Amino acid sequence: MTTEEFFKNLLNSLELKDHERDSISNKHTILRESLKEQLEVEDDFLTGSYNRNTMIRPKNSEEKFDVDFFLAFSKDDYGESKLPELLK
């Protein structure tokens, strides 16, 4: 096996397949929309490797994908005393 073939195989083993990318997209969209329906959210956005298109496939099929996103809450809606209650 040449060095080029090795790296092509390595890249192929790490890159997300289209069906994996679609599944991840659907799941994080459903979760974020559900949270926005239940909570007063000022803003939400993706971050991390998924957002930068650098996400790699987990080492084995038992591991799950990791998608990072932020939810921003307004102090006007929740105040500092209510925000910790959201974590319960």
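This is a predicted model: local features need pLDDT of at least 70, side-chain atom pairs count only at pLDDT 80 or more; totals for chains, interfaces and linings use all residues.
1. The buried residues of helix H2 are Glu20, Ile24, His28 and Arg32. Because these residues cover an arc of only 85 degrees around the axis, they lie on the same side of H2. The arc is taken from the directions that run from the helix axis to the C-beta atoms. Here "buried" means under 20% relative accessible area, "exposed" means over 50%, and "partly exposed" means in between (1.4 Å probe, protein chains only). Helices (H or I, at least four residues) and strands (E, at least two) are DSSP runs, numbered from the N terminus.

2. Residues are numbered from 1 along each chain as its sequence is written, and side-chain values use heavy atoms, with hydrogens and water left out.

3. Helix H2 spans residues 18-38, 21 residues in total. From its first C-alpha to its last, H2 reaches 31 Å, close to the 30 Å expected at 1.5 Å a residue. The expected span is 1.5 Å times one less than the number of residues in the helix.

4. The face turned away from the buried side carries the exposed residues Asp18, His19, Ile30 and Glu37. Ser25 also lies in H2, and at 26% relative accessibility Ser25 counts as partly exposed. The C-alpha atoms of Ser25 and Asn51 are separated by 11 Å, although the two residues are 26 apart along the chain.

5. Charged pairs deserve a separate point. Side chains of opposite charge can pair when their charged atoms come close. A salt bridge is defined as a side-chain nitrogen of Lys or Arg within 4 Å of a carboxyl oxygen of Asp or Glu. A search of the whole structure finds five salt bridges.

6. One of these joins the side chains of Arg57 and Glu20, with 3.2 Å from N to O. Arg57 lies in the loop between H3 and S2 and Glu20 in helix H2, so the pair ties together parts that are 37 residues apart in sequence. Both Arg57 and Glu20 are buried.

7. Arg32, Glu33, Lys36 and Asp44 are linked in a network of salt bridges. Because Glu33 and Lys36 are three residues apart in helix H2, they are separated by about one helical turn. Glu33 is partly exposed at 39% relative accessibility, and Lys36 is partly exposed at 32%. Asp44 also forms a salt bridge with Lys36, here with 3.3 Å between the closest N and O atoms. Asp44 counts as buried, at 14% relative accessibility.

8. The loop between H3 and S2 contains Phe65, which is partly exposed with a relative accessible area of 32%. Leaving aside neighbours within four places in sequence, Phe65 is in contact with Leu16, Glu20, Ile24, Met55, Ile56, Arg57 and Pro58. Phe65 and Ile24 are 41 residues apart in sequence, and their C-alpha atoms are 7.7 Å apart in space.

9. Glu62 is found in the loop between H3 and S2 and counts as exposed at 72% relative accessibility. Glu62 and Lys27 are 35 residues apart in sequence and 17 Å apart in space, C-alpha to C-alpha. Asn53 lies in the loop between H3 and S2 and counts as exposed at 59% relative accessibility. The phi angle of Asn53 is near 60 degrees, a positive value in a residue other than glycine.

10. The surface includes a nonpolar patch of about 620 Å², made by Met1, Phe6, Phe7, Leu10, Leu14 and Ile56. Patches are made of residues with over 30% relative accessible area and no salt bridge; like charges are joined within 9 Å, and nonpolar side chains (Val, Leu, Ile, Met, Phe, Trp, Tyr) within 5 Å. Accessible areas come from the Shrake-Rupley method with a 1.4 Å probe, and for residues only the protein chains shown count as cover. Phe7 lies in helix H1 (residues 3-14) and is partly exposed, with a relative accessible area of 49%.

Terms used. Contact means heavy atoms within 4.5 Å.
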